[in-house]
Every structure is written in C-alpha cells, then in structure tokens.
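This report covers the fold, the surface and selected side-chain pairs of one protein chain.

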Amino acid sequence: MSFQEVQGLTSTKFIGLDNYRRMVDEHFFNALKTNTIYTLLSLMLLIPVPILFAVFLNSKWIKGRTLFKSVIFIPALTSVIVAGVSFRLMFGEADTALINSVIGKLGISPQNWILNYGTGMMLMVILNTWRVAGINMVYYLAGLQSIPEELYESAEMDGANGFTRFYWITLPLLKPIIIYTLTIGIFEGYRMFGESYVFWNEGMPGDIGLTIVRFIYQQAFQRNDMGMGSAIGITLLLIVLTVNMVQLKLFGLFKKEED
C-alpha cells in the first residue's frame, strides 16, 4: 500500500516511491525529532529510577515494602487517557490550575504549559515515567531477587562497600533486564501516541507534540491518504529496527559465545 495511491475503498494506483518522497517534509522531521528527544529523556528516567526503586525495596531493613510496591506500581494500571486528562487539568493554563497556583505562591508567573515545546515535552515525559516506572521496577526487582546472596556476603567480607557491590555485582547481573527494558523503551518511545493526543487532541501550533504515529493518524485517517500513512508506518518500522539493532550490537548480543 505504501507504493500505491489508494482511491476509495477498493481502487488503487501504483505510484512507486511517490508516497515516500511526499512524506519527507518539515512535519515528518519535526515528528522524528519529537520522538527521538522523548525516547532519550524517557530512557534516562525509566532505567535508573526503577533500578533505584528496586534496590530500595529489595533491602531487608525496609518496612512496608508491599505498600511501597503497590504505590509505585498502581499508576501502570491507569489508562494513559485518564492519567493524561488529570495531568492536563493539573497543568492547565488558568491561574487557578493546580501547578500554576502552586508556582504563583512562589512568585513565578503562571505558565501556558502545552503551548511551549520544552514544557510540553516535559509533560509527556513525566506522564510516561509516572505510568511505566512501576512496571520496570517489577522487572528489576525480580532480577535482584535472583542474584545469590552469597555474592554480596563474599564481597562484603572482602571489604567492598555498598556502592562497590552495586556497581560490580548488581549492575552486571541486571544487564539482561536492562537490555530488555531499553529495547522495549525504544520501541514504546517511537510508537508513542496517547501522551501526545491527551495534551493536543486537535491543533498543535508549530508541531508541538507531533509524533510519527500521530503523523500516520493525520495522513491515513484524517486526510484519508492511506498510501502516505503506510509509507510513514514502514519508515517508522525501519527506524525502530535500526536503532534497536545498533543498541543490541553495542551491548554485544550478537557476539558468538566463546568455547
């Protein structure tokens, strides 16, 4: 379909690479930029923060661990639309909105959060981190609980402090889970749609919040250009495949096992 011009429900016309040529414009590169920045910022939070949560909750001296696990994980059960509407109300442009009223008391002028690229990006990243951190925490917690306690005891007997044990024992043994969450994070970052839609469900001045999947939605369903939408979708597949193959290569997952 990406090589065709779709006319109506059944009629198609082969047009070669025309859809791909039309796709490469300012809007596509704006969407690619937004997805890339969003993915990088999300990964900078969704890998270290859940690891710290997991290490904290895996400590034997922490009381009420079940309660803390529930509090951190519950946002993962929330629909992105429901959570996004709540965030949009909190970060509303009115002076009486929750966040504007708080910063107003600190002497900071109210902000129009969703009409600025930087603050809009911040809202999407915060919303995603709030929802996904609990899921990644469960992955890392499961990994931590599979690490033999004898390793930590031996290191402690050799004089290793807490940071040294974390760096030389915990992180290396969590590497498979880190790679898994990184791979899924890249995929989720580039396919992001809901976080954008809840903040900009109609117009997006200056392409604020425009993502690649949102661009597909605009072309294929709002403008009924299924060929163009398919071309963007194939391009998105190639981008995610390439990025993930590169990071898997850098982590050495394609090296042959040594005898």
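Arg191 counts as partly exposed because its relative accessible area is 39%, where partly exposed lies between buried (under 20% relative accessible area) and exposed (over 50%), computed with a 1.4 Å probe and protein chains only. Arg191 pairs with Glu188 in a salt bridge, with 2.7 Å between the closest N and O atoms. A salt bridge here is a side-chain nitrogen of Lys or Arg within 4 Å of a carboxyl oxygen of Asp or Glu. Glu188 has a relative accessible area of 35%, so Glu188 is partly exposed as well.

The model is predicted, so local features need pLDDT of at least 70 and side-chain atom pairs count only at pLDDT 80 or more, while totals for chains, interfaces and linings use all residues. Residues are numbered from 1 along each chain as its sequence is written, and side-chain values use heavy atoms, with hydrogens and water left out.

**Salt bridges**

The salt-bridge rule gives a count of 4.

Asp18 and Arg21 sit 3 residues apart, about one turn, in helix 1 (residues 18-23). Helices are DSSP runs of H or I with at least four residues, strands are runs of E with at least two, and both are numbered from the N terminus. Asp18 is partly exposed because its relative accessibility is 33%. Arg21, at 56% relative accessibility, therefore counts as exposed.

**The chain as a whole**

The chain contains 13 helices and 2 strands. Its C-alpha trace spans about 70 × 65 × 25 Å along the principal axes. Of the 259 residues, 40% are buried. Counting contacts (heavy atoms within 4.5 Å) between residues at least 6 apart in sequence, 64% join residues at least 24 apart.

There are 19 positive and 19 negative side chains, and the centres of the two sets are 2 Å apart. Lys and Arg are taken as positive and Asp and Glu as negative, leaving out His and the chain ends; each charge is placed at NZ of Lys, CZ of Arg, CG of Asp or CD of Glu.

**Surface**

The accessible surface of the chain is about 15,300 Å², and carbon and sulfur atoms account for 65% of this area. Areas come from the Shrake-Rupley method with a 1.4 Å probe. A nonpolar patch of about 730 Å² includes Ile234, Leu237, Leu238, Leu241, Met245, Phe251, Leu253 and Phe254. Patch residues have over 30% relative accessible area and no salt bridge; nonpolar side chains are joined within 5 Å and like charges within 9 Å. Ile234 belongs to helix 13 (residues 226-250), and Ile234 is partly exposed because its relative accessibility is 36%.

**Ile147**

Ile147 lies in the loop between helix 7 and helix 8 (149-157). With 7% relative accessibility, Ile147 is therefore buried. Leaving aside residues up to four places away in sequence, Ile147 touches Tyr152, Ile169, Thr170 and Leu173. Ile147 and Leu174 are 27 residues apart along the chain, and their C-alpha atoms are 8.8 Å apart.
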